[in-house]
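Please work through each task before reading its solution.

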Amino acid sequence: MISVQGISMRYGGKVLFEDVTTTFSPGRRYGLTGPNGAGKSTFMKILSGDLLPQKGTVTRPDKIGVLRQDQFAFDEYRVLDTVIMGNARLWKALQEREELYAKAELTDEDGMRLGELEGIVGEEDGYSAESDAAILLQGLDIPDELHERKMSELQGGQKVRVLLAQALFGRPEALLLDEPTNHLDLDSIHWLRDFLVRYDGTLIVISHDRHFLNAVCTHTADIDYQTIITYTGGYDDMVAAKTQIRATVEAQNAQREKKIAQLREFVARFSAGTRSSQVQSRIKEIERLQTTELARSNIQRPYIRFQMNRPSGRVALEFSDVRKGYDGTPVIDGFSAVVERGEKVVLIGRNGVGKTTLLRALLAEAPGQEPSPGDIDGGQVRWGHEASIGYFPQDHTGLIQKGMTAAEWLHQFDPDASRQDIHGLLGQMLFQGEEGHKPTEALSGGETARLLFCRIMLLKPNVLVLDEPTNHLDLESVNALNVALQRYEGTILLVTHDQGLIEQVGTRIWQFGPDGIHDFKGTYDELVAAGRVQA
């Protein structure tokens with residue numbers, strides 16, 4: 001069980017949460033929700049003990065599994081050892097035991113201590129620690145040949161999965177997971193979902209994957225109105241219940257503001273007259289009503305709408321025998337397809353099987369894109385008549401020029417657009433007021449993603465090529481993107497592991513597997529029903 005009593009946290013004038021008291025019970029799985037900037041990660045750090053609250057106390061169990069965000073902290077350790085470190089008591093005992101056995105001679109005191117350490121190792125299942133760690137790593141798609149490697153030899157996405165295994169190791173009494181599905185493919189997400197559903201401790205998880213939260217969570221703790229309200233059920237259940245509560249809170253706020261306005265009007269009219277006692281009474285009433293700030297919702301919903309300047313030809317894209325490999329190893333080996341206008345193709349499969357490689361090969365000589373002939377080894381690619389492409393790459397590094405404001409960077413893609421149009425578009429994506437003048441080098445991951453969507457909306461292309469577009473978006477933004485993609489009348493090529501997007505957007509599936517790419521002309525649900533989903 002984890003309990004918090006009177007927790008408060010604010011940064012400058014911004015209140016994240018005020019005087020929060022709540023309990024997270026064993027056997028329950030909590031989704032921690034709220035928009036970007038609401039304080040989810042801050043609250044998670046308070047629960048883990050990594051951050052002290054400005055006010056209040058936290059009671060937590062001795063053994064907590066925490067998903068660490070620092071990918072480089074364990075670079076000098078073996079992958080297996082990094083996982084075992086998730087059980088701090090066991091790891092400390094193993095290290096001390098190793099130091100004692102390394103001695104040339106053991107004293108009687110050393111012998112007694114070794115006995116104590118062997119007892120700890122036995123209590124913590126240390127004799128099967130490496131095999132238990134290997135099972136976790138295999139479930140998260142870290143193959144056996146990497147288990148003895150150092151963490152520094154792994155790719156970023158692989159490191160994240162090892163750190164997730166670390167959090168799950170050693171049967172912790174509570175699990176704190178901040179965005180655990182980031183960098184996981186769909187199969188790994190399903191494995192993690194099944195693991196967490198069987199977990200019998202206290203789980204608190206932050207995720208922007210609505211489908212994942214609905215499948216895993218028994219309760220939802222929502223940060224809003226400067227407090228945390230716990231609802232029964234998953235994310236969709238919370239939204240339904242919160243809609244009613246929000247209407248009540250907003251109505252109370254409106255009544256309070258109306259009452260304050262009426263009192264101020266009375267004071268203004270009669271302050272110089274003979275009703276001094278009544279005026280003083282009204283002033284005290286205003287002070288009472290204003291003692292605490294009105295708690296307002298943190299929810300901000302972006303408005304995403306993809307339009308087209310003009311449609312493409314009937315065939316948006318046609319390619320044959322496309323090939324691309326690295327160091328002599330083929331990744332894409334002769335794939336061909338015809339994509340008609342209006343089709344919404346979702347690319348699915350394990351990480352590292354070539355989804356991004358295929359997109360980059362198709363874009364190597366695409367209209368309006370920076371030529372990159374090295375991204376394709378062979379084959380023919382022909383984009384349709386009048387095809388215009390809006391590209392959202394998985395790696396945003398260096399994509400947004402520094403030394404400019406967000407508005408200046410966006411304006412360069414349509415110099416004829418008015419200042420009002422540019423700031424209106426930025427406002428749709430939550431760059432409100434002066435935030436449009438924010439320096440590009442100061443943008444967060446979520447802000448960078450939203451600015452890239454602004455560019456696509458400004459250019460109004462008839463083909464969208466989106467590679468993992470949800471990685472830095474909160475739930476509200478993911479939901480807005482989902483609706484926008486369903487309504488878009490153009491052609492879509494989409495790489496995502498978000499099951500909601502896969503199920504609700506895709507009309508055609510390119511499934512990447514060990515024996516190549518399978519082209520299924522139907523939805524994901526139809527693919528599952530046909531028994532064609534590959535393990």
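On a 1 Å grid over the protein atoms alone, a cavity is a set of points where a 1.4 Å probe fits but cannot get out, and a pocket is an open set with protein on both sides within 12 Å along at least five of seven lines; lining residues have an atom within 4 Å of a point. Grid points are joined across faces, edges and corners, and a volume is the space filled by probe spheres set on the points.

This is a predicted model, in which local features need pLDDT of at least 70 and side-chain atom pairs count only at pLDDT 80 or more, while totals for chains, interfaces and linings use all residues. Residues are numbered from 1 along each chain as its sequence is written, and side-chain values use heavy atoms, with hydrogens and water left out.

**Exercise 1.** Determine the volume and the lining of the largest cavity.

*Solution.* 
1. The largest cavity holds about 60 Å³ of space.
2. Its lining consists of Leu186, Ile189, His190, Arg193, Asp209, His211, Phe212, Ala215 and Gln499.
3. Two or more lining residues come from each of helix 7 (186–198) and helix 8 (210–216); helices are DSSP runs of H or I with at least four residues, strands are E runs of at least two, and both are numbered from the N terminus.
4. Helix 7 contributes the most, with four residues.
5. By class, the lining has four nonpolar, three polar and two charged residues. Here Ala, Val, Leu, Ile, Met, Phe, Trp, Tyr, Cys and Pro count as nonpolar, Asp, Glu, Lys and Arg as charged, and the others, Gly among them, as polar.

**Exercise 2.** Describe the second largest pocket.

*Solution.* 
1. The volume of the second largest pocket is about 1300 Å³.
2. Its lining comprises 47 residues, of which Asn36, Ser41, Asp178, Glu179 and His472 lie nearest the centre.
3. Helix 1 supplies the most lining residues, namely six.
4. The lining divides into twelve nonpolar, 22 polar and 13 charged residues.

**Exercise 3.** Is Glu447 buried or exposed?

*Solution.* 
1. Glu447 belongs to helix 14 (residues 445–459).
2. Its relative accessible area is 12%, so Glu447 is buried (under 20% relative accessible area; exposed is over 50%, partly exposed in between; 1.4 Å probe, protein chains only).

**Exercise 4.** How many disulfides does the model contain?

*Solution.* 
1. A disulfide is counted as a pair of cysteine sulfur atoms within 2.5 Å.
2. By this rule, the count is zero.
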